Structures are given as C-alpha cells and as structure tokens.
Amino acid sequence: MKELFPRGQVMGFAFSLVLTLVALSVIMFDLSLKMGVIILLVTAFMQAALQLVMFMHAGESEDKASIYTNVYYGLFVALVTIFGTMLTMIWGYQ
Amino acid sequence: MDYFDRFAVPHPSPAIYASMVAIGLTMIAVVAGITYFKKWGYLWREWLTTVDHKRIGIMYILAALLMLFRGGVDALMMRAQTAIPDNGLLDGQHYNEVFTTHGVVMILFMAMPFIIGLMNIVTPLQIGARDVAFPRLNAVSFWLFFMGAMLFNISFVVGGSPDAGWTSYFPLASNDFSESVGSNYYAISLQIAGIGTLLTGINFIVTILKMRAPGMNLMKMPMFTWSILITNFIIVFAFPVLTVALALMTMDRLFGTQFFTMANGGSDMLWANLFWVWGHPEVYIVILPAFGIYSEIISTFARRNLYGYNSMVISMVAISTLSFIVWAHHFYTMGHGAMVNGIFSITTMAIAVPTGVKIFNWLFTLWKGKIVFTVPMLYSLAFIPIFTLGGVTGVMLAMASADYQYHNTMFLVVHFHYVLIPGTVFAVLAGFTYWWPKMFGFMLSEKIGKWSFWFITIGFNVTFFPMFITGLDGQARRMYTYSESTGYGPLNMLSFVGAIGLAIGFALIVYNIYWSTRYASRNISNDPWDARSLEWATHTPIPEYNFAVVPTVASTEAFWDAKKKGFKLFGGKVEKIHMPNNSGVPFIMSCIFFVWGFALVFSMWIIAIIATIGIFACMIHRSFEKDHGRYISVEEIEETENKLRGAK
C-alpha cells in the first residue's frame, strides 16, 4: 500500500499551493515594489521548476539532456527579458 | 444604420472602393470557377484537410507569394507618393495605413510563411523523416496563419487598416489616438497568426530532435536543418513575449485597461520594450533560415563541401543567444541613460562577429570552387556583398551616440531593407527556385530567372541606395510628403524608377512560373542540380511517405557520398508504413478563429463568445477522437516505387 500512495506527488502539489499563496501575499499585504517583485520572481521560478520536474517528468525520460538544455535556454531568455526590461524601463532610465 | 457605420472605411478613396469591387469580383470568380470545374471535392480532400508536410509547405509558399504582391503594391504606392515633392497621390492618413500594412504584411505574412513553407517541405526530407512530429498540429499552424493573414487583409475594405506603423507604438496605437478599429485588427490578427507560428516552432524542434535518420547525429545534420532548428528555438522563446504584449494591447483597446497608457500607472514605453524583446529575435527568425538556404546552395553550386561546418553551427548558436540581448538598440533615443545605451551598443556590435564568421565561411567555400552560375547561385552570390553593406550600416546604427543622427531617418529604413531583402527575400527566391524541381517535377526557366534576378538586384539597389543619401540629409521615415526646397526630390524619383524595376523583376517570376508550367521539360532526374543532401535522394514527385526505406547516414553529405563514394544509403527492406489521416478539424477550427477575431475587432461579444465555445468544442473533439492513422501496405509501396521508376 505504501508504494502505491504517490507521496512525492501529493507533497509536490501541496508545495505548489503554498507557493501560490506566497505569491498572492504580494497583493494581500502592503509591500514595496521591490519586495513584491522579488517574491514574485522567486516563487514563479520555483513553481515552474516544480511543475516541470514533478508533474511533467522532465528528468525521467531518455531525452533528459535535450529537455534540460531547452529549460536552461528558456531560463536564460526569461531572466534576460525580465532584468533587461527592469534595466531599460526603471534602473537605467533617466 | 448606426450599427453598420463602424464597418465602413473611415477614410475612403476611389482606390479603396475599386479594391472592394476587385476583391468581390475575384471571390465570385474563384467560387464560380471551382464550382464549374467541380473541384470542391478535390480541394477539400487533397488540400484543405491535408496533413502532409509537403502540401502544407506549398500552401504556405502560395500564401506568401500572394502577400508578397500585396505588400509590394503598398511599397509601389509609397514610392509613387514620394517620387515628387508635394505630391497629392495619397493623403497623410492613407499613407500611414499603407506603410503600416506594408511592414506587417512583408514581415509576418510574407517572410515568415515563405520561410516556414520551405522549412516544411525540406526539413523532414533532409533528416530522412516521413513527416513532421505532429502532422495535425502542422495543419493547425498553417490554417491559423492563413486566417490571421486574411483577417489582417480585409481590414482595408472593412473598418479601416491599422495606421500606427508596423511597430504600433503606444500611445499612438491607443484608443485616444487611433480611434478606428484598425489597431484592433493588428492586435488580433497577429495574435491568431502568432499562435500558429508558435505551434510550428514546437513541432519542428521535436521533429528535428526526435526524427532524424539512423546515424544522423546533431553534428551530421545538413546546414539548412541546423538553421531551422535554431530558428525554431528562437520562435519558441521569442513569440510568447509577442503573445503577451498583444494580449495586453487587446485589453487596453477593448476592455479599457491601462497597461500602455500614460496615466494611472501605465507605461507607453513598455509596449516598445516588449515589442522589441520579440521584434529583434524575429529579425533572426527570418534571417537564420536564409543563412541555411545559402549554405546549401553555395556548397551545391561551388561543387565543394561547406567550409567550416562547426564554426557555422557555433556562430548560429551565438547569433541566436545574442539576438535576445540587443533589443533596446531599437529605441536608443527614448531616454535611457548612457549605461543602458552603452550595454546594448556593445551587444549589438558583438553580433557582427559571428555573422562575419559566416560570411567568410561562404567565401572560403567559394574559393577554388567550380562555380556554376545558376539562378539560385546568382542570388546567393549577390547576397554576400549587398548583405555586408546592410550589416556594416547596422554597425553604424549600433553606435548609440551616432544613432541620434540616424534615428527614424531613411538611413535606418535602407539599412533594414539592405539586410532583409538580400538576407530574406533573395534567400527565399533562391530556395524557391532551387527546390522547385523537387516540389513540382520540372525546373523553372533559367533564362527568365536570370532576367528577373538582374531586374530585382539592380532595381533593389537603384531603389534603396539613394535613400542612404537622403537619410543622412535628414529625410525622416513615414513622412508622406516633403517640400521642394529640401532637395530630396531627384533622388526619390530615382528610387521610384528602381521600384518599377523591382516590380518588373517580381512580375517576371510569375511569368516564369506560368511559362515553365506550360513548356518546361518534365523529363528531369530526381537530382537535377547534382546536390548533396537527402531531399534529393527520393523520387520526384515525392511519394507521400517520402522514403520507402529510411536512409542510413554517416556524414553531413550522405547523398553525395552515396553518389560519389558508393555509400549505401538505403539498407533495409520495404516494410509497411504508418501514416497520419487527413482531418478537416484544423481548417474548421481556424475558420472559427477567423470569426472570433472579426467579432473581437468590432466588439461583437455574443458572436465572440459563441466562436470561443466553437474553438473549445474543436479541441475537445480532438481530445476524444480515436484516430490511430493508417498503414500503407508493402504491395502499395512497391507499386508506387515501381511507377516512379524502380525501387532502390
């Protein structure tokens, strides 16, 4: 019975709900812009990683290498887009 | 009558009424023609429901050619309007609509589908596959693109075209400054076509990663396939940004949100930022496959293997990465500090390095080659110097401080035409001529092809080179007229003359297709150019399963080795082949998408809701449908192979 119960998946599901609640806290509490953005970024990337590994089984097939290459490239583009936008629109704007 | 007022063109002119009549008559003629020749069944069975990558590719190319002429007429109108000072041919509003649709049509509905069409036809053949990974999805991609393009095209007779430039900058594109539904058309038709492109991206990444012939590892893929793989990576990572930006734009325009407004915490510049986060990679989406096409053609007609295979691959990967970190060079003048402009200047100039590596690789491939001057090769040879000129002016524009002088002048306009026309248009014309015999079983006339090549190349330079000069003299882009005292008149007239040359060149291509269809010899081999990669190893016309036996590969030029070194390409024996069934759902769903888009453009909510339900119904149907494809039996394969003159 113990082997049949998907313990990892249930915990993963609970954890993803927690992450969602933490992200929701940004509008529930009166946080500064900086704090809010940091919380959103951290929870968003954790959430995406959780979904990919836990529920979409990214690490379990023989294409592991190409899937992770894709993910890292996507990560690179996402970070560049977000921080590049912050740079051009906020930090570097005169 | 108030209800129908919004469908009227807000700024009518005799030309628009004439086009309305022409469009109406053409549609009646097409429908009547198909009915008279009893071709509805044929059309439905063989084309509208097809999932065959070769047919989808041909439809993409047909649509792209149509759009080429639509965008070309826009271009001619602009050149005619600016040919003489204080010209009254078009008024300001009309001119705005013309340059906006010219840009959108040429980039999104001509260059993209032309490239995706060639990639559809060639890539599965080059990797020895039977079809793409998701054939049904491929049909969805095509029909979504097609419906998006058609929705965009009806804008100029129903409700008015977008007029805020192809970049559609806010606040100009907001409801306050663009009151007509034109910009709604922009947001929604690009969204529909964009979904199709995104699906293509996923489809081809999976195809290339999973369906290569035995023995073909990544570093043994033909260069065109490599360029397509990288292009599709860029599509998958760049297009979501456009999707989001267009969704925000749609909400701003239809539902009164404030993402890109200047008040209430919105930021109009955020649009420009997001647009170019997508827009700059988009440039490489249309240019990298062109590099792949040139690599194939130059190596075939220089009769040498491609120089520096590894450095070609590495430089394409480098370009794809750099393409994501340069976007702010499109708006240096928007008011960032020196640091931001400095960073983006340096990344932009860095792109010239891998591009330069590629240029030198092509030159070294040509070096000591036995060059054959066919039409595709002529385009490739003309590409190298002209594109380099475009690239060098790009480095000039990359310097942020100097860009304050060039920004939004004709100099910029010529720069990107010098990059995109030899880069993309020459490439697709070259690829189109090169792969034509594989698609249709006869060759295009070399003689007429060479005439059109010279008209296009000379016409292009006569059209655009004078604008370098007027641009440096300060002629702004998108200016519908100018006074005689500016002195731009004579050079603009020269441009107009060149534009006519270009138009003749493109008309000659159509004549070439007509002439060759009627008179060209059908008695050609499967490999008329003596080429090197796998697409030439199968029969012409290509059987629907592509290869009766899946080829085995041991080098980047397996077919060349098979011809010259006795390499055994087809080892196995014929077995039954599993193929996908045709389906009408992609077409029907895309038609519903068209209705959905049209309803949203005009805020007709009830129709939009019904159409949304219809779209979901199609997807649910697909989820529960039991369609396991069909098998082609060994006897049937052997019969086909024998008919195509002998199994291998």
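Where is B:Pro541 found in chain B? I began with this residue and, keeping in mind that the model is predicted, located B:Pro541 in the loop between helix 16 (489-519) and helix 17 (558-564) of chain B.

**Entry 1, backbone of chain B.** I looked up the peptide bond that joins B:Thr540 and B:Pro541 and found it to be cis, with omega at about -5°. I then turned to B:Phe170 and B:Pro171, whose peptide bond is also cis, with omega near 0°, and I placed B:Pro171 in the loop between helix 6 (135-154) and helix 7 (182-210) of chain B. I kept these in the notebook because most peptide bonds are trans and most residues other than glycine have a negative phi.

With phi as the next item, I noted B:Asn408, which is not a glycine and yet has a positive phi near 55°; B:Asn408 sits in the loop between helix 13 (400-406) and helix 14 (410-440) of chain B. B:Asn408 counts as partly exposed because it has 14 C-beta neighbours inside 10 Å. I recorded B:Arg478 as well, another residue that is not a glycine, with a positive phi of about 65°, and its place is the loop between helix 15 (446-472) and helix 16 of chain B. B:Arg478 has 15 C-beta neighbours inside 10 Å, so I list it as partly exposed.

Is B:His280 buried or exposed? I find 23 C-beta neighbours inside 10 Å, and therefore B:His280 counts as buried, since the cut-off for a buried residue is 20 or more. I traced B:His280 to helix 9 (residues 268-301) of chain B, and, leaving aside residues up to four places away in sequence, I listed its contacts as B:Ser323, B:Val326, B:Trp327 and B:His330. I also checked B:Gly92, which is 188 residues from B:His280 along the chain, and the separation between their C-alpha atoms is 28 Å.

**Entry 3, helix 19 of chain B.** I followed helix 19 (residues 605-624) over its 20 residues and noted that it reaches 29 Å from its first C-alpha to its last, close to the 28 Å expected at 1.5 Å a residue. This helix is hardly covered, for I count one buried residue among its 20.

I counted three helices and zero strands in chain A, in the order α-α-α from the N terminus on. Its radius of gyration is 17 Å, well over the 12 Å that the globule rule gives for 94 residues, so chain A is more spread out than a compact globule. Along the principal axes, the C-alpha atoms of chain A fill a box of roughly 60 × 35 × 10 Å, and buried residues make up 6% of the 94 residues.

I took the division of chain A as domain 1 (1-56) and domain 2 (61-94), with C-alpha centres that lie 19 Å apart. In an unreviewed UniProt entry I found the annotation "transmembrane region" for residues 12-29, 35-59 and 71-93 of chain A. Over residues 12-29 I read 94% helix and 0% strand, with the end C-alpha atoms 26 Å apart, while over residues 71-93 I read 91% helix and 0% strand, with the end C-alpha atoms 31 Å apart.

I looked up the contacts between the chains and found 14 residues of chain A in contact with 17 residues of chain B. The side of chain A that touches chain B has six nonpolar, eight polar and no charged residues.

Terms used. Residues are numbered from 1 along each chain as its sequence is written. Chains are lettered from A and ligands numbered from 1 in the order in which they are written. This is a predicted model: local features need pLDDT of at least 70, side-chain atom pairs count only at pLDDT 80 or more; totals for chains, interfaces and linings use all residues. Domain bounds come from an automatic or database domain assignment. Two residues are in contact if their C-beta atoms, placed from the backbone, lie within 7 Å. Ala, Val, Leu, Ile, Met, Phe, Trp, Tyr, Cys and Pro count as nonpolar, Asp, Glu, Lys and Arg as charged, and the others, Gly among them, as polar. UniProt positions are given in the numbering used here, feature names are shortened, and annotations may be inferred rather than shown by experiment. Helices (H or I, at least four residues) and strands (E, at least two) are DSSP runs, numbered from the N terminus. A residue is buried if 20 or more other C-beta atoms lie within 10 Å of its own, exposed if 12 or fewer, and partly exposed in between; C-beta atoms are placed from the backbone. The radius of gyration is taken over C-alpha atoms; the globule rule is 2.2 Å times the number of residues to the power 0.38. The expected span of a helix is 1.5 Å times one less than its number of residues.
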